[in-house]
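Hi everyone, thanks for coming. Please have a look at the model on the screen, and then we'll walk through it together.

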Amino acid sequence: MTLPVYRLHGCKENGSLVIFGHGFPFSHVMWDRMFKSMESIPSFLDRYTMVAPDFRSMGIVDRQDSVDSPVCSVTTMADLADDMAELADQFHARQFFYCGLSMGSYVGWEIWNRYPDRLKGLIIADSNAGADSPEAAANRIKTALRVEQELSCRFLADAMAGKLFSPETLALNENVVQEYKAMVVSNNYQGVAAVARGMAQRSNFTDRLPEIDVPALVIGGQRDILSPPSSMESISQSMPNARHVVIPYAGHLSPMESPTAFAVAVKSFLDSVA
Ligand code: MLT
């Protein structure tokens with residue numbers, strides 16, 4: 001499958017490949033602010049080729065190359081991991097870094113599971129390593145049905161905003177909240193429904209964290225109530241080769257809320273491994 005890919009402008013062609021996987025129900029747009037910050041950090045663009053795809057059937061609805069999924073389809077985290085490996089092939093990269101936010105990190109665990117030799121480094125942002133409880137999985141199915149019935153992700157944009165952003169962002173950065181809403185509302189509801197079902201059946205990696213010895217950065221917002229710093233610290237402590245960074249005053253969407261702090265932490269990690 002050829003995925004639409006958004007490459008950081010000015011990026012060196014043959015730098016180490018870094019793939020950024022977005023969260024739910026977002027698209028590559030969630031990385032735009034961070035990419036903008038990276039442009040002003042010396043030697044970022046010289047060393048790395050940074051790409052942010054939209055996951056399968058997600059992203060802007062009227063895009064020519066968007067892939068239609070039949071109603072009730074399922075996109076598993078393993079499917080998305082396979083897509084990311086294929087994407088790295090398209091860049092002729094045998095090994096690559098992968099950075100995933102929340103759902104994007106569920107894909108990261110699966111990349112490690114399925115392609116351990118290809119992963120040069122893993123960035124787990126604002127996420128967890130567990131599986132859904134039966135109740136959470138049932139809610140995912142309801143969410144999938146509702147976006148399919150309404151032919152839109154609009155209700156998710158409103159329902160989730162209060163949980164995703166820090167109080168500081170909500171009070172002081174209305175632009176970020178508006179960008180987030182526009183991104184969610186324009187998302188392809190079919191792809192969103194399919195990954196909601198896929199997340200409901202994802203694997204639990206909690207007990208496997210001690211095996212994940214690839215260099216890792218575990219990073220998240222200080223005010224993230226969905227994946228709080230204490231949970232992120234515990235993930236980092238369980239992984240043999242991980243470090244933990246907290247982004248001050250950010251919530252669950254830390255790369256949108258504090259793009260420069262996020263970009264600096266990513267660069268320092270990449271430089272230490274590449
Ligand atoms: C995300 O931001 O990707 C979601 O919070 C993930 C989830 O719903 O588990």
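This is a predicted model: local features need pLDDT of at least 70, side-chain atom pairs count only at pLDDT 80 or more; totals for chains, interfaces and linings use all residues.

Which pocket is the space taken by the ligand? That space is the largest pocket, where a pocket is an open set of points on a 1 Å grid over the protein atoms alone, fitting a 1.4 Å probe, with protein on both sides within 12 Å along at least five of seven lines.

A quick word on the ground rules. Residues are numbered from 1 along each chain, and side-chain values use heavy atoms, without hydrogens or water.

So who surrounds the ligand? Its neighbours, with a heavy atom within 4 Å, are G23, F24, F26, S102, M103, Y106, R140, M199 and H252.

Three of these side chains have an N or O atom close to a ligand oxygen, as polar contacts (N or O pairs within 3.5 Å): R140 at 2.7 Å, H252 at 2.9 Å and S102 at 3.1 Å.

Definitions and conventions. A polar contact is a pair of N or O atoms within 3.5 Å; within protein, one must be able to donate a hydrogen and the other to accept it, and residues adjacent in sequence count only if both atoms are side-chain atoms. On a 1 Å grid over the protein atoms alone, a cavity is a set of points where a 1.4 Å probe fits but cannot get out, and a pocket is an open set with protein on both sides within 12 Å along at least five of seven lines; lining residues have an atom within 4 Å of a point. A molecule sits in a cavity or pocket if more than half of its atoms lie within 2 Å of its grid points.
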